[in-house]
Amino acid sequence: MRRQGPAATAANANASLLTGNLSTRRKAWRRPLSCRAGASGRDRFRELIALFALVDVNAMFASCAAAEDPSLRGLALVVAGDPSDRRSIVLTASYEARAWGVRTAMPVREALRLCPQVRIVPPDRQLYERYSRRLFEVLHDFTPVVRPVSIDEGYLDLTGCPGLAKGPLPLAAQIRRTVQERTGLLVSIGLAEGPWLAKMAADLAKKRSEGILLLRPEDVPDIVWPLAVEAFHGIGPKTAAKLRGLGIGTIGDIARAEPKVLEAFGVHGRRMRQLAMGEDRGGLPEETGPVSISHEETFAQDIQDRRQLHPILVAICDRVGERLRREGYVAKGLGLRLRNREFRDFSRQGPLRAPSARAEDLRQEAEALLARMPAAAFPCRLLGVTAHSLERAAAAAPELFPDGDAERRDRLWHAVTAVRQRFGPDAVKPLGAQPARPPRRPPSGSER
Ligand SMILES: [Mg+2]
């Protein structure tokens with residue numbers, strides 16, 4: 001028997017959500033959620049055309065350490081390099097440590113002063129990568145559309161997802177619970193009809209005990225407008241300063257600004273205003289690869305001259321080349337950075353002769369750049385090498401005059417990568433290389 005009235009509408013809407021193809025499901029979502037069974041008052045959207053989630057692990061590095069070693073759970077914990085080193089800084093603090101005022105990028109000595117019982121664990125990139133893979137496996141169980149943005153953060157398109165039958169909040173709670181059960185990691189989840197709002201919601205969700213926030217367009221004036229322009233996802237410090245110069249201090253000010261005022265920011269001005277108004281229908285950001293791959297080392301003792309720096313340069317170029325090959329890229333350009341004793345940075349850039357991921361090509365260019373560094377860069381405390389203008393190794397144009405030697409060297413380097421993946425990074429060492437010391441902070445992946 002076919003039912004009549006609101007209950008029937010709800011049943012029919014849910015039926016299309018579960019069984020329809022994507023376009024039918026999206027149409028089903030356009031109907032007000034309030035007429036769907038199971039939608040509580042808190043869940044109610046006036047008009048919901050899509051649903052995105054931003055899932056972000058809380059204090060990723062510290063959480064991985066605690067998930068791996070149960071004796072660390074619930075403790076004030078920081079991930080940091082060697083605590084006996086005067087230059088060691090906090091890479092991540094657990095929420096328990098944050099309660100004592102310990103913050104990321106704070107010297108370890110300061111963290112110990114604020115919280116003497118704090119436990120310090122060394123960074124472990126492989127551990128974070130392993131947990132990251134598990135996290136994304138879990139997220140893929142909820143929707144096929146998962147877009148990682150960093151090691152501990154990713155967008156989900158939940159539009160038309162069968163799990164939504166009970167509403168967005170119960171689904172988010174289920175995702176959060178499942179991630180915790182299967183990985184031991186605690187996540188914050190922002191939900192909204194667009195990815196930008198979802199990201200803003202996730203940042204706000206971190207401050208809530210339930211770790212979830214659903215941001216409806218009609219909530220934007222109350223919840224988002226009072227925030228400072230610095231909290232606007234996608235606005236950097238320079239743009240924020242420029243906005244403040246124009247008398248625009250909050251996100252609400254952006255929404256209320258005369259379009260003319262925002263013309264100073266070109267097309268971005270219009271987009272900024274739209275987002276501030278809660279109009280976020282852009283879909284997921286384009287999938288992009290890394291812009292650059294870099295590695296840097298801070299030395300326990302300052303390095304006096306170029307000769308002394310050479311073996312460290314060899315080791316860093318080897319590492320950068322290794323990561324390029326492993327991630328399937330070649331670089332067209334290289335950058336070198338030195339920081340002197342007074343914390344002044346010196347950088348030099350140059351193109352590679354041909355796109356490459358071979359350590360010796362990177363080293364050749366790095367040595368040329370090092371020769372161009374001024375004397376004022378010494379004594380130096382930090383050396384960084386960045387491979388940039390990356391392209392996919394397979395897509396890279398072949399060298400103009402390929403020689404058998406280049407191919408042979410490529411095969412050799414890929415064999416080196418394979419050996420290291422199997423037997424560890426120290427299985428093959430470049431001649432004349434000398435690592436300065438263990439890396440002070442993991443070379444990739446941003447996290448909060
Ligand atoms: Mg995070």
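The buried residues of helix H7 are covered by elements that include strand E1 (52-57), helix H3 (60-68), helix H6 (125-140), strand E7 (187-192) and strand E8 (212-214). Contact here requires C-beta atoms, placed from the backbone, to lie within 7 Å. Helices (H or I, at least four residues) and strands (E, at least two) are DSSP runs, numbered from the N terminus. The model is a predicted one, in which local features need pLDDT of at least 70 and side-chain atom pairs count only at pLDDT 80 or more, while totals for chains, interfaces and linings use all residues. Residues are numbered from 1 along each chain as its sequence is written.

Helix H7 itself comprises 16 residues (168-183), which at 1.5 Å a residue should span 22 Å; its end C-alpha atoms are 22 Å apart, in agreement. The expected span is 1.5 Å times one less than the number of residues. A residue counts as buried if 20 or more other C-beta atoms lie within 10 Å of its own, as exposed if 12 or fewer do, and as partly exposed in between, with C-beta atoms placed from the backbone. In H7 the buried residues are Pro-168, Leu-171, Ala-172, Ile-175, Arg-176, Val-179 and Thr-183. Because they cover an arc of only 140° around the axis, they lie on the same side of H7; this arc is that of the directions from the helix axis to the C-beta atoms. An α-helix has 3.6 residues a turn, so residues three or four places apart point the same way. Arg-177 and Glu-181, on the other side of H7, are exposed. After H7 comes Gly-184, with a positive phi near 80°.

Strand E1, one of the covering elements, is largely enclosed by the rest of the structure, because six of its six residues are buried. Phe-52, Leu-54 and Asp-56 point one way from E1, and Ala-53, Val-55 and Val-57 point the other way. Strands are said to pair if DSSP finds at least two bridges between them. E1 pairs with E7 in the antiparallel sense over six bridges, and Val-55 has Ile-189 of E7 as its bridge partner. E1 also pairs with strand E6 (residues 153-157), antiparallel over five bridges; there, Ala-53 is partnered by Leu-156 of E6.

Elsewhere, four strands form an open antiparallel sheet in the order E9-E12-E10-E11. Its edge strands, E9 (292-303) and E11 (345-356), each pair on one side only. Strand E10 (residues 329-340) and strand E12 (residues 380-392) pair over 11 bridges.

Note on methods. Two residues are in contact if their C-beta atoms, placed from the backbone, lie within 7 Å.
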